[in-house]
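Please walk me through this model in the viewer, one selection at a time. Tell me what to select and what is found there.

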Amino acid sequence: MRPSSDELLASLRYSLSSAILPKVEDRWARYVGTAMDLVLEHLQLRLAGEGSSLTEDSADMAAVLAGIADTVAVMGAEGDDVRRELATSLGDLLPAPGSTPPPGEDLAGLTAQNERLRAVVVDVMRWLDEADGRGSVPEVADVRDRVYRLVRRQTDRNTALVRPLFMSFGPAAS
Amino acid sequence: MTAATEPTGGLDAGRVGAYLRDRLAADSLEVTGLKRNVGGMSRETWFAGVAGRRGGADFTDSLTIRVDHPEGSVVPVTLEREYRTFAALTPTEVPVAEALWYEDDPELIGRAPFYVRRTVEGSASAGKLFKPGNEQMRREIGAHLAEHLARVHSLDWKAAGLGEFMAVPQTAEDCALLELAHYEEAYRAADPEPMPVVEALFSWLRRSVPHEVQRTSLVWGDVGVGNFIYRGNRVVALTDWEQAHLGDPMKDWASALWRGVDNLLPREEMFEIYERVSGLTVDEGRIEYYSVFIDAEYVCTSFPLLGEFGPDRTRDATFARLGMGVPYYCMDHGLRTIGY
């Protein structure tokens with residue numbers, strides 16, 4: 001159907017910025033209008049990239065969690081008592097291989113699967129904090145580093161979609 | 001249509017006028033202007049200009065009304081606490097707008113609670129400050145701001161009564177962890193979607209908490225251009241005290257630098273003035289820690305706004321922008337600061 005969603009959003013932004021905002025004298029109303037324009041810009045990026053971003057992000061999380069599961073298996077098999085206990089408690093949090101349901105084909109399905117995986121990652125992060133209380137275990141530090149690098153990649157994916165909305169509160173010159 | 005009867009989209013000028021006439025003990029009073037402040041999103045800020053007669057003489061006054069958004073405040077701090085902070089600071093050497101009245105009766109102006117303070121003449125505009133040609137003005141304001149920050153951190157907060165309603169840290173770690181727990185609780189109460197990046201910041205802040213603090217001070221909490229009033233080349237009032245608490249003064253430097261005050265005056269020069277006036281020593285390591293803290297704090301106050309959107313409710317576009325633009329920026333910034 002033409003015009004496309006993206007073209008319609010571009011049209012709305014054009015009208016807002018060329019015909020409406022220049023005529024608005026009230027500062028608050030202009031502030032709201034500018035926010036609307038930025039939200040529309042975000043929507044353009046989101047329409048174009050949200051689905052693929054969610055798919056990529058979920059695959060990334062699944063791969064990292066599978067890698068952690070491998071570490072858990074080694075810790076459980078070859079470690080001392082502390083490592084075996086840690087491996088058991090961490091293993092309980094991880095999804096069993098093949099247990100993750102396939103994502104739905106629509107955006108809601110992709111989002112739901114992504115949130116399920118993010119919840120597992122959050123559980124693993126809480127486990128990491130608890131594991132710190134068991135002393136310095138190199139495998140724990142390694143898992144934390146892998147999770148934090150995953151989080152960096154996730155943040156980059158979100159940033160690509162949300163950057164038009166960024167607010168830093170810094171002065172204009174900074 | 002006069003200014004007093006123009007629709008204001010939130011406060012009724014007639015009711016505000018009647019209330020202020022009583023409070024100011026005026027024989028007659030007209031609201032000559034009632035405008036909502038643009039910027040600062042934690043609460044609504046309204047500027048009311050009034051003119052009237054009292055005791056046979058004409059008078060004018062400028063007042064500021066602070067009121068929660070109809071849906072509540074963005075910051076997990078009550079309006080009453082904010083008022084009490086202003087009231088406690090009013091008689092001290094820390095320059096703030098004079099706190100006048102806190103009200104919880106919705107009949108007075110149609111919204112409650114709210115409080116009134118006297119408007120300080122001057123500007124908070126970053127735009128004016130950063131106009132070309134104002135370089136010397138910026139330098140002098142930066143220096144004066146550093147002096148005021150020193151005064152905030154040197155304040156005898158017990159004598160000012162701030163310890164009566166602010167949590168008092170018992171250890172160096174408390175200086176960070178009490179506030180972290182407060183903001184984390186507010187974040188979790190909003191039941192946000194699972195966010196590994198936010199957990200990463202919380203975890204790092206707990207694991208990296210400073211074990212030393214030079215002095216437990218009043219912390220302004222939200223230091224930056226736009227959060228103070230200047231007149232000429234002098235800072236005449238510090239504003240935005242809603243996130244104030246007792247803790248490590250380096251948190252304010254983290255906030256100040258996060259918001260780019262070193263665009264006024266190089267940080268080394270500001271630190272030198274601050275150390276001379278306060279007797280405290282700037283600790284860059286703790287400033288970096290609190291820079292991440294500021295990121296987490298902004299996430300906690302802004303991200304829950306997204307919970308206000310749903311199939312049967314909505315908020316205006318400024319909240320969509322605030323609820324996404326601030327936290328996602330802070331997540332990225334915080335993660336970089338901790339090395340990821």
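How many residues does the contact take from chain A and from chain B? Colour by chain: 35 residues come from chain A and 33 residues from chain B. Keep in mind throughout that this is a predicted model.

**The side of chain A that touches chain B**

Select helix 2 (27-78), helix 4 (107-132) and helix 5 (138-162) of chain A; these are the elements that give two or more residues to the side touching chain B. Helix 5 of chain A supplies the largest share, 9 residues. By class, the residues on this side of chain A are 21 nonpolar, 7 polar and 7 charged.

**Two helices in chain A**

To see the contact, show V72(A), M75(A) and G76(A) from helix 2 of chain A, together with their counterparts in helix 3 of chain A, R83(A), R84(A), L86(A), A87(A), T88(A), L90(A) and G91(A).

R2(A) and P3(A) are joined by a cis peptide bond, with omega about -5°. P3(A) sits in the segment before helix 1 (5-20) of chain A.

**The sheet in chain B**

Now select the five-stranded sheet of chain B: the sheet is open, its strand order is 1-2-3-5-4, and the pairing is antiparallel. Strand 1 (28-36) and strand 4 (99-103) of chain B stand at the edges with a single partner strand each, so one side of each has no neighbour in the sheet. On average, neighbouring strands of this sheet are turned by 25° against each other, direction ignored.

Zoom in on strand 4 and strand 5 (residues 114-118) of chain B, which pair in the antiparallel sense over 4 bridges. Y102(B) has Y115(B) in strand 5 as its bridge partner. In the loop between these two strands of chain B lies P113(B); a cis peptide bond joins A112(B) to P113(B), with omega about 0°.

**Two positive phi values**

Most residues other than glycine have a negative phi, and most peptide bonds are trans. Select A25(B), in the loop between helix 1 and strand 1 of chain B. A25(B) is not a glycine, yet has a positive phi of about 50°. Is A25(B) buried or exposed? A25(B) counts as exposed because it has 9 C-beta neighbours inside 10 Å.

Next take D240(B), in the loop between strand 8 (234-238) and strand 9 (245-247) of chain B. Phi of D240(B) is positive too, near 60°. D240(B) is buried, with 22 other C-beta atoms within 10 Å.

Select E272(B) in helix 8 (residues 267-278) of chain B. With 14 C-beta neighbours inside 10 Å, E272(B) counts as partly exposed. Draw a C-alpha to C-alpha distance from E272(B) to L322(B): these residues are 50 apart in sequence and 35 Å apart in space.

Finish with helix 10 (residues 317-337) of chain B. At 1.5 Å a residue, its 21 residues should span 30 Å, and its end C-alpha atoms are 30 Å apart, which agrees. Helix 10 of chain B is mostly covered, with 17 of its 21 residues buried. Just after helix 10 of chain B, G339(B) has a positive phi of about 100°.

How values were computed: Residues numbered from 1 in each chain as written. Chains lettered and ligands numbered in written order. Predicted model: local features only at pLDDT ≥ 70, side-chain atom pairs only at ≥ 80, totals over all residues. Pairing = 2+ DSSP bridges. Axes fitted to C-alpha atoms, helices over the stretch in contact; angles between N-to-C directions. Contact = placed C-beta atoms within 7 Å. Nonpolar A, V, L, I, M, F, W, Y, C, P; charged D, E, K, R; others polar. Expected span 1.5 Å × (residues − 1). Buried ≥ 20, exposed ≤ 12 C-beta atoms within 10 Å, placed from the backbone.
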